[in-house]
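Dear colleague,

Please find the structure below.

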Amino acid sequence: MALRLFNTLAREKQDFVPLKDGHVGIYACGPTVYDNIHVGNARPLVVFDVLVRLLRQQYPSVTYVRNITDVDDKINQRAADRAISIDQLCEETIERFHADAEALYVKAPDVEPRATHHIAEMIAMIEALIAKGHAYEAEGHVLFAIGTMDDYGKLSNRTLEMMRAGARVEVAPYKRDAGDFVLWKPSDDNAPGWDSPWGRGRPGWHIECSAMSAVYLDKEFDIHAGGLDLIFPHHENEIAQSCCAHGTKAMAHYWVHNGYVTVDGEKMSKSLGNFTTVRDALEKHRGEAVRYALLNAHYRAPLDYSDGSVTEAKQALDRLYRAAGDVSAAEVADADFLAALSDDLNTPLALSVLHRLAKQANQGDRAAAASLRASANLLGLLTQDEASWVRGEAQEGALSDDEIDGLIEERQKARAARDFARADEIRDTLSAAGIALLDGADGTSWERQS
RNA sequence: GGCCCGAUGGCAGAGUGGUUAUGCAGCGGUUUGCAAAACCGUGUACAUCGGUUCAAUUCCGGUUCGGGCCUCCA
């Protein structure tokens, strides 16, 4: 199944062809670890997790690199605010990040490099840029000179003139061009710093991804992924650094960007304060339902997040789980399902195929049920067995599984004696406790409604 | 100011130049001691104004509205 991806660089869908036969290298920008991630941050995690799962299914070898940014002024600030060490802040944030990702069924990348572990490579890259005349030193900073690159701006579709005209921020006086950006900056005694040819300092934001992608993938690699808001300046500047330092025409050949998560139509963001952290979402909802909700819109379209959207996702999963039953996954996913995913990761269409398979399964087609599981698994869904999904986990202080079974047994006796008043009383009691009873041909099963 | 994206039925959300999206909600039916689940059937749609066409929700242009980037941001 030929994979097609919307390439931001070309502004159109293209057939995906890896640089090397049988191997795909993909890099995604990971978190800056100063705070818990929110649902908006979770979207690229889930979306690109699906992309990688699909790639692994189609290619013998895939290297997925997702970095961790552990040097950043926001980190310094937050550590100071909380009066803890930078190291402690990073470690605890990374731990939470991993827990959040796991709760959303996001698989770990092959490599998760940390910026602070690659300072030497960044310095080497900056030296190369200076040697080639693409960077200059000024007042302890090293800056990239965007005027030295012919096609600077090609990813974000803007010209030097546009950027000069649109400069809304005060431009540092030592910059030759308003759009020049920092590769290295000086650190005072309070800020983390590393020795360099330009004195003790720390890297600018963009250089880490250029350095680490070259270390773990190559000077040119297949796919670079990230959020829409990274196109400019982050990814644009990565391209400038990598191509100029390496003398290459391209950094990544396919650039894929996910759309925003919105709240009432507005971008979810830290600065607007309209965010829901993944931790908070998981207090109210199951991780798999949040994941489904994030896949329920096409990855490039905006996705409006609300509790209602997750509740709906949960209902959809209920239906899929019930349809799949205890049938185990087929060898291969459904062809229509794969076709949908292969067409620029059309997850909403892929999910609709899942529902079609569910309908067939409910009509008694066990092959469809097996195909349903196999297909859903590729999306990281339906990985539990039906019973554990519908029963969920008992909340603190709620009825235990044993207590529920006891009441059901009592109800069965009442029913056998045709004492339906007592039977219904038990149903009502359990219903009030959030337990639904399902009378079937071979006994009564139950589900937790949460 | 520059650049970019979107507008689909009650809600969410795909897709298509002429033919069923899908899920939830609604309605009718089958089934059920009750309830659910499930199945069958069913209604509601493509912002607006022009243009191209035998035919446009789908292509082109204008308008309106919404969102985003240009500064940290997934």
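**The surroundings of the RNA**

In this predicted model, RNA strand B is surrounded by 63 residues, and the closest of them are G40, G227, H298, N362 and F420. Which helix gives the most to the surface near RNA strand B? That helix is α12, residues 347-362, with 7 residues. By type, the residues of the surface near RNA strand B divide into 27 nonpolar, 21 polar and 15 charged.

**The division of the protein chain**

Chain A is divided into three parts: domain 1 covers 4-258, domain 2 covers 262-390 and domain 3 covers 397-448. Between the C-alpha centres of domain 1 and domain 2 there is a distance of 30 Å. How many residues of domain 1 are in contact with domain 2? The contact involves 24 residues of domain 1 and 29 residues of domain 2.

On the side of domain 1 that touches domain 2, at least two residues come from each of β1 (4-7), α1 and α3 (86-103). The element that gives the most to this side is α1, with 12 residues. The residues of this side of domain 1 comprise 13 nonpolar, 5 polar and 6 charged.

In soluble globular proteins, nonpolar side chains tend to be buried together. In this model, the largest nonpolar core has 120 residues, and the members that touch the most others are I26, I126, L320, L354 and L372. Helix α1, residues 39-58, gives the most to this core, namely 11 residues. Domain 1 and domain 2 each provide at least three residues of the core. Leaving aside residues up to four places away in sequence, L320 touches L354, A358, L372, A376 and L382.

Together, β1 and β2 form a hairpin with 4 residues between them. Within the turn, R11 has a positive phi of about 60 degrees.

With kind regards

Technical notes:
Residues are numbered from 1 along each chain as its sequence is written. Chains are lettered from A and ligands numbered from 1 in the order in which they are written. This is a predicted model: local features need pLDDT of at least 70, side-chain atom pairs count only at pLDDT 80 or more; totals for chains, interfaces and linings use all residues. A nonpolar core is a set of buried Ala, Val, Leu, Ile, Met, Phe, Trp, Tyr and Cys residues joined through C-beta atoms within 7 Å. A residue is buried if 20 or more other C-beta atoms lie within 10 Å of its own, exposed if 12 or fewer, and partly exposed in between; C-beta atoms are placed from the backbone. Domain bounds come from an automatic or database domain assignment. Two residues are in contact if their C-beta atoms, placed from the backbone, lie within 7 Å. Ala, Val, Leu, Ile, Met, Phe, Trp, Tyr, Cys and Pro count as nonpolar, Asp, Glu, Lys and Arg as charged, and the others, Gly among them, as polar. A residue is near a molecule or strand if its C-beta atom, placed from the backbone, lies within 6 Å of it. Two strands pair if DSSP finds at least two bridges between them.
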